Amino acid sequence: MTAVLLHDYYRSSAAYRVRIALNLKGIEYERHAVNLVEGEQRDSGYRALNPQGFVPMLEIDGHHLIQSLAIIGYLDATRPEPPFLPSDLADAAHVRAMALTVACDIHPLNNLRVLKYLSRELGQPEEARDAWYRHWVTEGLEALEAMAHPGAGDFLFGDAPTLADICLVPQLYNARRFAVPITPYPTLRRVDENCSALGAFAEAHPDRQEAHA
Ligand SMILES: N[C@@H](CCC(=O)N[C@@H](CS)C(=O)NCC(=O)O)C(=O)O
């Protein structure tokens, strides 16, 4: 069988999601580090396969897959165990809503290229850029804490990790990295701790990646 190859960057939270998903499914993979700081994502060879020039990109089953949630959806559809969504459709919609709160409403406002645009093109000082970052993370995490509260068990929904946890853990890693307080979110912190106790999450952590690139 052809090797599974993940194009990623150790600190990319979108790539971190895919590392967790691959580990939870027990899929062995190799890593190709794309150094975002050095602009390797803009190389023409890479962009020919991924026109957005982002990580992650996953080579699997003869495909080049992009967009972390699309990749994770493919993994869940082709390798159903353990499932990333509950079987009840309304519960699954709730788990997806929590995942999308992170992936669509927090992360896109705060990733590197957006922060760079604020500084370079819009001439915003560092304090304004940091305030922007904190504002959107805080607003998103507050909502997520409220969404999680009724259905959370050991994880954001029930007692097994789902797509929502796969998105939560990298986002909290980012929040800590940029010194956004997370003490107001007891459910999110407890779930994050439970996730981190699992090998699949722990081994996906940026500090555990061999090449820090
Ligand atoms: N929605 C995309 C987001 C991917 C994304 O923003 N990746 C960032 C790293 S977290 C990236 O590659 N940035 C490269 C750049 O800004 O040039 C996904 O979920 O895969």
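Visitor: What is the bridge partner of His 7 in S3?

Guide: Met 57 is the bridge partner of His 7 there. Bear in mind that this is a predicted model.

Visitor: How do you know that S1 and S3 count as paired strands?

Guide: The rule asks for at least two bridges between two strands. Strand S1 (residues 5-8) and strand S3 (residues 57-60) have three bridges, in the antiparallel sense, so by that cut-off they pair. Leu 5, for its part, stands opposite Glu 59 in S3.

Visitor: And what joins S3 to S4?

Guide: Four bridges do, with strand S4 (residues 63-66) running antiparallel to S3. Ile 60 has His 63 as its bridge partner in S4. The two strands make a hairpin with two residues between them, and Asp 61 in the turn has a positive phi of about 55°.

Visitor: In what order do the strands of the sheet come?

Guide: The order is S2-S1-S3-S4, in an open sheet of four strands with mixed pairing.

Visitor: What makes S2 and S4 edge strands?

Guide: Strand S2 (30-33) and S4 each pair on one side only. From one strand to the next, the twist averages 20°.

Visitor: Which strands does helix H3 touch?

Guide: Helix H3 (residues 68-78) packs on the sheet and touches S3 and S4, its direction making about 130° with that of S4. As for H1, that helix lies across S1 and S3, at about 155° to S1.

Visitor: How do H1 and H7 pack?

Guide: Helix H1 (residues 13-25) and helix H7 (residues 163-177) have axes 9 Å apart, at an angle of about 140°.

Visitor: Why is H1 called oblique to H7?

Guide: Roughly antiparallel needs an angle over 145 degrees, and roughly perpendicular stops at 115. The angle between H1 and H7 is about 140°, so H1 is oblique to H7. The crossing is right-handed. Among the residues in contact are Ile 20 and Leu 24 of H1, with Val 169 and Pro 170 of H7. By class, the contact has nine nonpolar, two polar and one charged residues.

Visitor: How many aromatic pairs are there?

Guide: The count comes to four. One of them is Tyr 16 with Tyr 173, 5.8 Å centre to centre and with 85° between the planes.

Key
Residues numbered from 1 in each chain as written. Predicted model: local features only at pLDDT ≥ 70, side-chain atom pairs only at ≥ 80, totals over all residues. Heavy atoms only, no water. Axes fitted to C-alpha atoms, helices over the stretch in contact; angles between N-to-C directions. Parallel < 35°, antiparallel > 145°, perpendicular 65-115°, else oblique. Left-handed = near helix turned anticlockwise from the far one by under 90°. Contact = heavy atoms within 4.5 Å. Nonpolar A, V, L, I, M, F, W, Y, C, P; charged D, E, K, R; others polar. Phe/Tyr/Trp six-rings, centres within 6.5 Å; stacked < 30°, edge-to-face > 60°.
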